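Let's take a walk through a protein model together. Have a look at the picture first, and then we'll go through it piece by piece.

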Amino acid sequence: MLLCGIEDLTPGTMVGASVIHPSRVDLELLRPGVTLDGKMIARLRDMGVMQIWIHHDATADLDHATGVNLSIANRQVFQAVRDSFNSLSPRTFFSGNFQTYRQVVMDLIVELISGKSLAGMISQLLTDDQELFAHSANVAYLSLIAGLQLETYVVHERGSRDVAEARDMTTLGLGAMMHDIGKVALRPELQKRHAIHIDRVDGESQKLYQDHAMAGFQMLSGIGAPATMINTILHHHQRFDGSGWPDMSKVSLGRKTGPLKGHDIHVFSRIVAAANTLDNLTRDEKGHRRPLVAAICDLASPRFDGWFDPVVRDCLVRSIAPFPIGSHVILSSGLRAVVAAPNMALPCRPLVRPLGPNDAVAQAIDLAVQKEITITRWLGMDVTPWYYEPLAVENVMMNGVKADAA
């Protein structure tokens, strides 16, 4: 299959994977095997569909690594978030449906680890009119990618004697999935708001918005929810440099004041904090969608220095491929190509394979070696403004454990 932008489609093209409505995650517009005609393409464009997986003989060998099944698993998380947030009460949510929600998270984990590599397995992030649900599912998705990639670091940071328990990422997925449950009581416009800079939320709305982490914590406290899960919800806006929130005075009964800082923040909360911001960056301040490469480029920029655990931030910047395997790209040389493999060292320089005149399988080009060639267009969009190279993180070894703590 080949992931193409809507403008690259021509009549006669066969759909390779389900086409989902861009504003209704639960609505399948087209099934695999449908042959597109001009009217269908125009209709999809009018509905806001921006990219489609199509059948392509020259890329069939890449199908196992495209992560298409991840989209299905992530939509199941979306549906679970929607059901839980619409539940009559948190107690009903937890006692009646917790095992169901745990299962959808486990299914997503299985899909993630079933691929050859976590790097490059990102598929299109969800969008929906009910933005809160899609955002929550996306944060769970991104958090689990980071958590699984950083398994050794997570085990070290959790400090548990039971390694198997420390390696279990299910609670991370649940905490990420429910991180914004405290927003359910807010006005619709605040539910949809995912502020990166709290000082840009005005007046009374700022306090209402800022209280959602505490509200979520209180909703699920005392009803048997795992402590790690509810604390992940409470602390998903804490920052590594101590500039986050909430103030711990109320929770600790005065034993601790101010926000948490550094490694005092649970590693799951540190992961969700960074994943939360990354998904927020896929929209501009007016709510318009931005390409994933733009969001990752921003996350890697000095703008967010100090906000996140540098190990976690570095993992997201390297592990979330800006150009997924199977993507159609245009190179600076003018060649059309397909992304064949990710590059965690230089994510914007993956291995690509040119698509020739007859789209026959061609010899791959390693953009990390042939540095005179770059990706200029992805799915019909100019991506040259967002080229980035991750900076080296001091005292971080390849396995994610701090060298000074090994």
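How many of the residues of α13 are buried? Before we get to that, a word on what you're looking at: this is a predicted model, where local features need pLDDT of at least 70, side-chain atom pairs count only at pLDDT 80 or more, and totals for chains, interfaces and linings use all residues. Residues are numbered from 1 along each chain as its sequence is written, and side-chain values use heavy atoms, with hydrogens and water left out.

Now for α13: 14 of its 14 residues are buried, so this helix is mostly covered (buried means under 20% relative accessible area, exposed over 50%, and partly exposed in between, with a 1.4 Å probe and protein chains only). Helix α13 runs over residues 267-280; helices here are DSSP runs of H or I with at least four residues, strands are runs of E with at least two, and both are numbered from the N terminus. From first C-alpha to last, α13 reaches 20 Å, close to the 20 Å expected at 1.5 Å a residue (the expected span is 1.5 Å times one less than the number of residues).

Next, the aromatic rings. A pair of aromatic rings is described by the distance of the centres and the angle of the planes. Rings of Phe, Tyr and Trp (its six-membered ring) pair if their centres lie within 6.5 Å; planes under 30 degrees apart count as stacked, over 60 as edge-to-face and the rest as tilted. By this rule there are five aromatic pairs. Take Phe 304 and Trp 307: their planes are at 85° and their centres 4.9 Å apart, so this pair is edge-to-face. Phe 304 is buried at 0% relative accessible area, and Trp 307 is buried at 11%. Another pair, Phe 323 with Trp 378, is tilted, with 55° between the planes and 6.2 Å centre to centre. Phe 323 lies in the loop between α15 and β5 while Trp 378 is in strand β9, so the pair ties together parts that are 55 residues apart in sequence.

At 2% relative accessibility, Asp 309 counts as buried. Its side chain has a polar contact of 2.6 Å with the side chain of Tyr 153 (a pair of N or O atoms within 3.5 Å; within protein, one must be able to donate a hydrogen and the other to accept it, and residues adjacent in sequence count only if both atoms are side-chain atoms). The side chain of Asp 309 also reaches the backbone nitrogen of Val 311 at 2.9 Å.
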